[in-house]
Amino acid sequence: MSLRTQAAVIRGAGVIELEDILVEEPRPDEVLVRVESSGICRTDLEILEGTLEFPLPFVAGHEGAGTVAAVGSGVTTVEPGDTVALGAAACGTCAHCRMGAYPYCDQHTAMNFTGTRLDRGTGLRGLDGETVFGHFMRQSSWAGLSLAHASNTVKLPSDVDRSVLGPFGCGIQTGAGAVWNTLAVEPGSTVAVFGLGAVGQAAVMAAKAAGATTIIAVGNRQPKLDLALQLGATHAFSPRDGDVADLVRDATGGGVQYTVEAAGRTDVMTTAVEVLAETGHAAITGVAAGESFPVDAWKMIRGRSVHGTTLGDAAPSVILPRLVDLYRQGVFPVDRLMTHYSLQDIHQAIADVDDGTAIKAVLHPETAG
């Protein structure tokens, strides 16, 4: 038996259509989630643009949250009616998973980035029987119903506002995890964050929560710089103010202890390393596949380190409850990053993300099957 729901279906480069599709009931290791919020991430837009290739037609969305509608026979961690957020799936048995490094699971690509289940099949199809690909990050949450996996479905308190939960599982987790896990920022430290989208703003909030006393936000758009100051940054610079590297060094007496790169640009990655003090540590979160960035070898042998990070080096089941708890305390006001849209308004939402009007666009399906 399959359930009918509305989804945003990518049919070609730049072409996305709202359509009714059919979603299978969950297999033993799967969870069917009634989606109540789903963020728009740059990776989703790279699929829409054709930069990141997936089989078409395809349902994107990998920042979903909502209510469990049904569970497979082997699922014991959640049950119907639970409030959940969705992250990336992992096998749970490989060497990386056994160490808790779930973003680096040996099956990460196979489980999250093929458009199919591990058996190369798909649980989605059109009303006419057409094969529809999805299972993106084992959720494809640009739809009323998401066929998730037990490993990426995280139970959260039932009283939390599900309308803001979606982005927690990717962008918010990445920025916060880069500060807390990758860099292990300690109280009294100095941090610079480059790029002030959802990942960068989450890094600013995480740095404040970690007790950093100097937090420098670097970006191009004044509204984002202003927001970063409201969220915890002590300084905010843009290229309009002068040479950014010089400004950061001047503000910190020669260099910063930690940097988070969240712009996805190789020139910014280079700058994030250049402004480090000796023994400083940079976390690279931006995606620039196939590109490289130059780093001064002398700076590196003076104790500096650069660490690439996926999803903030965090297990969703560990970091998402922590983030939600801080949000409920008012310490992590991620709702201030969000602009909300119905799924029917996805084209406007995408346009607002592209022109910078929305930092984090969040979609809300009106019907879920």
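## Strand pairing, helix packing and nonpolar cores

Thr83 stands opposite Leu156 in strand S10; strands (E, at least two residues) and helices (H or I, at least four) are DSSP runs, numbered from the N terminus. This is a predicted model, where local features need pLDDT of at least 70 and side-chain atom pairs count only at pLDDT 80 or more, while totals for chains, interfaces and linings use all residues. Residues are numbered from 1 along each chain as its sequence is written, and side-chain values use heavy atoms, leaving out hydrogens and water.

Let's stay with strand S6 (residues 83–86) for a moment. Both of its faces are covered, with Thr83 and Ala85 on one side and Val84 and Leu86 on the other, all of them buried (under 20% relative accessible area, with a 1.4 Å probe and protein chains only). Ala85 of S6 is the bridge partner of Ala65. The pairings below rest on at least two DSSP bridges between two strands.

| Strand pair | Sense | Bridges |
|---|---|---|
| S5 (residues 64–71) and S6 | antiparallel | 3 bridges |
| S6 and S10 | antiparallel | 4 bridges |
| S2 (residues 15–24) and S7 (residues 124–126) | antiparallel | 3 bridges |

S2 and S7 also belong to an open sheet of 5 strands, in the order S4-S1-S2-S7-S8 with antiparallel pairing. Strands S4 (58–59) and S8 (131–132) are at the edges with a single partner strand each, so one side of each has no neighbour in the sheet. Within this sheet, Leu22 stands opposite Arg125 in S7.

Now to the helices. Helix H4 (residues 171–182) packs against helix H10 (residues 316–329) at an angle of about 100°, their axes 11 Å apart; axes are lines fitted to C-alpha atoms over the stretch in contact, and angles run from 0 to 180 degrees between N-to-C directions. H4 is therefore roughly perpendicular to H10 (65 to 115 degrees).

Trp180 and Leu323 return in the largest nonpolar core, where, of 50 residues, they join Phe168 and Phe332 in touching the most other members. Such a core is a set of buried Ala, Val, Leu, Ile, Met, Phe, Trp, Tyr and Cys residues joined through side-chain atoms within 4.5 Å. H4, H10 and S10 are among the elements that each supply at least two residues of this core, and helix H5 gives the largest share, 7 residues. A second, separate core has 38 residues, including Ala8 and Leu145.

Terms used. Angles under 35 degrees count as roughly parallel, over 145 as roughly antiparallel, 65 to 115 as roughly perpendicular and the rest as oblique.
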